[in-house]
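Biologist: I would like to learn how to read a model like this one. Could you take me through it, feature by feature?

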Amino acid sequence: MSFGWFRSLSLLTMKEDILLLTRQFGDHKLIFSPHETIGRDLFRKGHYQRDLATRVLELIGTPPGSTLLEIGANIGTHSVYLMLSGKFERAICIEPDPRNFKLLQQNLEMNDLSGSVTALQYAAGDREGLIDLYFEDANFGASTVIKPEGKQRSVQVPLRRVDVILSEAGTSPDDIGLVWMDIEGAEPEALSSMADLVQRQVPILMEYSPQRYDPAKTQKIIELASEYRRCIVFGRSESEMDIRGVTEQRDVLLLP
């Protein structure tokens, strides 16, 4: 298992009746599907973007609050990585996909984080209600409330405003030290419901996908980003730039 080529070959030959794997990764354990994008990375590389999580924490330094807010927590990879850093006492993790949410709960429990992490099965948006969540089997990280072209399976999930979620959780905006958000095109709506966090310049790491937004939504994000002093863009390399110069999907870190 120490050879990358052997792990890749094992994935190619793994039968579909192996639904889930549980693996020890040094300082943590994870349960995941080996047949989808995130699970394949975990099996082959031993992590899923943990290097990004580590770098973001380096750039932030001491967070302004002791609570992590993760929007689009998926199966909990980054929930575990960020909590293991010791920089947060508590986390609120939001994940709407029923498949992911079950694995998120299991991964938190396996890593003794259930007591410090509140997991909530919601989609984040700019209103309260219900919304269709579209998902595919090939990538558990691609679940989205944005209706895709063609046919995809969907399920209705609760849609909640971020400010309402925090209020119900008894969490003040002053408590939040980092927002980690990856919600497949719904970022503008979620951002509009966390105005207090933006005004406080709470660091935000988000997947920014300008090609998925209409001009009005893109402009909304640009205006929100203008509340921050720094914008770090991650891609093939790391650079600091104006968010208006980002034309492709990238992970973006907004810093005061």
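Modeller: Gladly! Leu82 lies in helix α4 (residues 77-84); helices (H or I, at least four residues) and strands (E, at least two) are DSSP runs, numbered from the N terminus.

Biologist: Is Leu82 buried or exposed?

Modeller: Buried means under 20% relative accessible area, exposed over 50%, and partly exposed in between (1.4 Å probe, protein chains only). Leu82 has 0% relative accessibility and therefore counts as buried.

Biologist: What should I keep in mind about the model itself?

Modeller: It is a predicted model, in which local features need pLDDT of at least 70 and side-chain atom pairs count only at pLDDT 80 or more, while totals for chains, interfaces and linings use all residues. Residues are numbered from 1 along each chain as its sequence is written, and side-chain values use heavy atoms, with hydrogens and water left out.

Biologist: Which residues of helix α9 are buried?

Modeller: As a general idea, an α-helix has 3.6 residues a turn, so residues three or four places apart point the same way. In α9 (residues 215-225), the buried residues are Thr218, Ile221, Ile222, Leu224 and Ala225. They lie on the same side of α9 because they cover an arc of only 165 degrees around the axis, taken from the directions from the helix axis to the C-beta atoms. Their cover includes α7 (187-192), α8 (195-199), β10 (204-208) and β13 (250-255). Exposed Pro215 and Ala216 sit on the face of α9 turned away from its buried side.

Biologist: In what order do the three strands of the open sheet come?

Modeller: Strands of a sheet pair through backbone hydrogen bonds, either parallel or antiparallel. Here the order is β6-β8-β7, with mixed pairing; two strands pair if DSSP finds at least two bridges between them. β6 (123-125) and β7 (129-135) are at the edges with a single partner strand each, so one side of each has no neighbour in the sheet. β6 pairs with β8 (residues 153-161) in the parallel sense over three bridges, and Ala124 has Arg160 in β8 as its bridge partner.

Biologist: How many bridges join β4 and β5?

Modeller: Strands β4 (residues 90-94) and β5 (residues 117-120) pair over four bridges, in the parallel sense. Ile92 has Thr118 in β5 as its bridge partner.

Notes
Contact = heavy atoms within 4.5 Å.
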